[in-house]
Amino acid sequence: MARKTATMDPGPDVPASAVPGLDRLPAGPALFAGRRAELAALRAGATRRVNGRCPVLVLAGRPGSGRTALAARFARTVAADYPDGVLFARLSAPDGGRVPPGRAARLLLEQLDPQAAVPLPGVVEDGRDEPGCVALREALAGLKVLLVLDDVRDAGQVWPLLADEPGCLVIATTPGPLTGIEDIDPVILGGLDRQASGELLADLVGGTRISCDPVGGADLAEACAARPAALRLMAGLLRSDPKLAVTEAARELNRVVGEQSEPGKPGEESAKPGKPGKAGEAGRRNPREKKGEGKAAEPASAAEPAVPEPAATELTSSPASWVKPGPEPAEPVPVPDNDPLLGAFTLLYRGLPAAQARMLRTLTLAPAQTADPRTASALVGCPAPEAAATLAALAERELLGEEAPAVDGTPRYRVPGRLYPRLVRLREQEDRPAETELARARLLERLVRLTESARALLDPADGPAREPLSAALRLGSAGHARDWLLGERELLFGAVADAIGQGDLDGSAGRLVTALLRALPLTGAAAPADLYRLHELVLTVAERNGRPRRASAALLNLGDLQAAAGSWEQAAAHYRAALEHARTVGDEPLCARALEGAAGCHRALGDAVRAADWYGRALGLRQSLGDHAAEARLLARVAEAHTAQRRFEEADREYRAALAVLRRIGDERGREAVGAALADLRERVEGGW
């Protein structure tokens with residue numbers, strides 16, 4: 001099928017290799033039309049300078065208005081002006097969930113410098129920023145970076161990320177007004193103009209079907225409210241049915257939208273492929289079988305603004321003086337049942353083969369609604385080549401968006417957020433709960449096997465993977481395994497978090513966490529923040545299943561990570577919680593470990609009295625267990641705490657006791673270290689300390 005080139009060229013695109021991170025942007029549609037005025041407004045906004053912070057460009061529009069595609073398109077045209085890199089983050093999940101700014105900041109920090117020490121999640125107190133947000137703003141100082149923040153819910157997600165750096169630029173897309181940030185003039189997206197709509201349809205459909213029926217093309221654009229997503233879906237319908245006239249497609253879209261507007265006729269009931277439902281048999285027939293039937297809904301005006309202009313707000317003091325304190329998080333902007341976007345989806349969905357329809361519904365279970373043939377085949381229970389063909393067919397029909405390919409070139413696809421709620425409702429209606437649970441279990445087990453396979457390649461001495469993968473799924477080498485683990489890290493974490501959040505597949509989720517904890521350190525790039533997230537998930541499962549020993553171990557690991565990061569107060573809280581769990585099962589080694597960890601935190605905080613107390617309690621437990629090496633270490637720690645309190649006689653006694661234990665167990669290195677500490681103490685005391 002021949003297609004014309006893109007009908008609008010706002011400027012030369014920058015090669016992906018020219019600017020770091022440019023390939024992180026959504027691929028966007030290959031064909032792009034119109035939006036000249038909006039691009040001009042964005043270019044003008046990018047040259048404005050705002051005192052005290054970087055400029056912020058806001059693209060606002062209803063779901064399906066093409067705001068993400070336009071943001072990515074514009075970003076590529078200005079990326080050369082930001083040589084330090086392009087960063088990208090989605091701030092909403094497809095189900096409308098709000099991504100906290102701290103999590104977004106840590107993701108952006110990893111993109112900015114993969115070797116940087118990303119802060120661990122921290123508790124925000126007294127209005128202070130989350131540590132990740134502070135670290136991001138500090139890292140951006142002096143740089144020229146382009147940040148693209150997609151699907152922002154509210155200003156509270158954005159302002160903590162804004163650098164006091166005028167050389168950076170932020171592009172934020174949002175479905176609703178974004179009040180609370182000073183000096184923004186949002187670019188509001190409505191529908192495309194008539195010429196751009198016609199050109200886009202002609203490019204997408206191909207051939208002469210649009211040019212030979214300009215009236216039908218205009219009718220179809222009007223029925224779609226000239227919104228790009230609806231136009232693309234209808235183009236997918238026309239491509240899949242070469243005999244369908246453009247005028248008939250427009251008439252059918254108006255009829256379906258009218259049906260969905262009527263009470264008692266929800267759109268998802270009329271969308272079941274090949275099945276009559278409550279909306280009537282006429283809603284299931286091919287558009288060519290009944291011409292002109294059904295009441296046509298009045299389409300929305302293409303020029304009508306999608307969202308209201310943000311109201312002016314009174315600014316008050318906050319972590320940045322130019323920001324209003326964050327409002328309550330906005331509710332997700334829904335797509336009404338009578339929206340042309342869902343009407344177009346209904347027409348296209350009902351014509352899908354059963355296998356494609358099932359794949360599309362089941363992809364809503366994928367982490368971040370993103371899948372490649374490896375994960376898609378597990379979800380639906382089919383061979384990977386068959387899954388790849390189905391995914392490509394759905395993308396051809398404009399029902400899936402193409403993401404950047406995996407590191408090995410494997411294509412990846414994503415369920416558009418605008419269709420996600422409708423597909424979830426369809427899945428709940430058409431698929432039995434047992435089928436859904438089985439699909440989720442298959443996905444987790446596939447990810448466990450892939451992760452274990454990666455571990456086996458990275459550390460052959462640890463033994464092969466338990467169950468070798470088929471050739472179509474196999475990771476080819478240690479380098480491939482490392483790239484796969486790091487490239488799919490966020491999706492792997494998302495799969496675990498989804499499973500643990502629902503609480504019905506803790507066994508599979510636990511195996512995946514264990515596999516990740518074994519495999520990620522082998523990459524040499526396992527950030528403490530990643531390990532922290534995994535141990536938090538272990539803690540959640542352990543506490544829910546009443547396993548205090550496992551919960552205590554997870555809390556100890558969390559405390560160790562916080563202590564290594566210098567977050568002593570938070571580390572001490574984790575150690576104390578670990579102690580409580582260990583006491584419930586009488587696990588003395590875990591209790592001693594928690595006591596020693598808490599003592600170290602008090603020591604680092606300068607509280608020598610409490611440090612001596614906690615070290616002493618740990619010492620008593622180690623002595624009762626007969627752990628002489630730990631006993632000697634703790635005696636030396638108690639001596640150090642006494643020294644800090646200027647209790648020199650007690651310190652001298654504890655050092656001598658440690659030396660006796662070390663002599664008994666034959667630890668010469670330990671004796672040298674403790675002997676040197678004791679000699680230093682005596683010398684300083686004799687010198688008048």
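**Figure 1. Lining of the largest cavity in the predicted model.** The lining residues of the largest cavity divide into seven nonpolar, two polar and four charged. The lining comprises 13 residues. Nearest the centre lie Asp-372, Thr-375, Leu-447, Glu-488 and Leu-491. Four elements, β6, α11 (373-380), α14 (433-458) and α16 (489-502), each give two or more residues to this lining. The volume of the largest cavity is about 110 Å³. The structure is a predicted model. Its cavities of 30 Å³ or more number six.

**Figure 2. The open sheet that contains β6.** Three strands form this open sheet, in the order β6-β8-β7. Their pairing is antiparallel. At the edges stand β6 (370-371) and β7 (401-403). Each has a single partner strand, so one side of each is left without a neighbour in the sheet. Strand β6 is joined to β8 (residues 412-414) by two bridges. These two strands run antiparallel. Opposite Thr-370 stands Arg-414 of β8.

Figure 3. Strand β1 spans residues 56-61. Six of its six residues are buried, so β1 is largely enclosed by the rest of the structure. Val-56, Val-58 and Ala-60 point one way from the strand. Leu-57, Leu-59 and Gly-61 point the other way. Both sets are buried.

**Figure 4. Parallel partners of β1.** Strands of a sheet pair through backbone hydrogen bonds, either parallel or antiparallel. Here β1 pairs with β4 (residues 169-174) in the parallel sense, over five bridges. Within β4, Val-170 is the bridge partner of Val-56. Strand β1 is also joined to β5 (residues 187-189), by three bridges. This pair, too, runs parallel. Within β5, Ile-188 is the bridge partner of Ala-60.

**Figure 5. Ser-92 and its contacts.** Ser-92 sits in the loop between β2 (86-90) and α3 (101-112). Its relative accessible area is 7%, under the 20% cut-off, so Ser-92 counts as buried. The Ser-92 side chain reaches the backbone oxygen of Asp-151 at 2.7 Å. Leaving aside residues up to four places away in sequence, Ser-92 touches Gly-97, Val-99, Asp-150, Asp-151 and Arg-153.

Conventions. Residues numbered from 1 in each chain as written. Predicted model: local features only at pLDDT ≥ 70, side-chain atom pairs only at ≥ 80, totals over all residues. Heavy atoms only, no water. Buried < 20%, exposed > 50% of the residue type's maximum accessible area, 1.4 Å probe, protein only. Polar contact = N/O pair within 3.5 Å; in protein donor to acceptor, adjacent residues only side chain to side chain. Contact = heavy atoms within 4.5 Å. Pairing = 2+ DSSP bridges. 1 Å grid on protein atoms, 1.4 Å probe; cavity = no way out; pocket = protein on both sides within 12 Å on 5 of 7 lines; lining within 4 Å. Points joined across faces, edges and corners; volume = space filled by probe spheres on them. Nonpolar A, V, L, I, M, F, W, Y, C, P; charged D, E, K, R; others polar.
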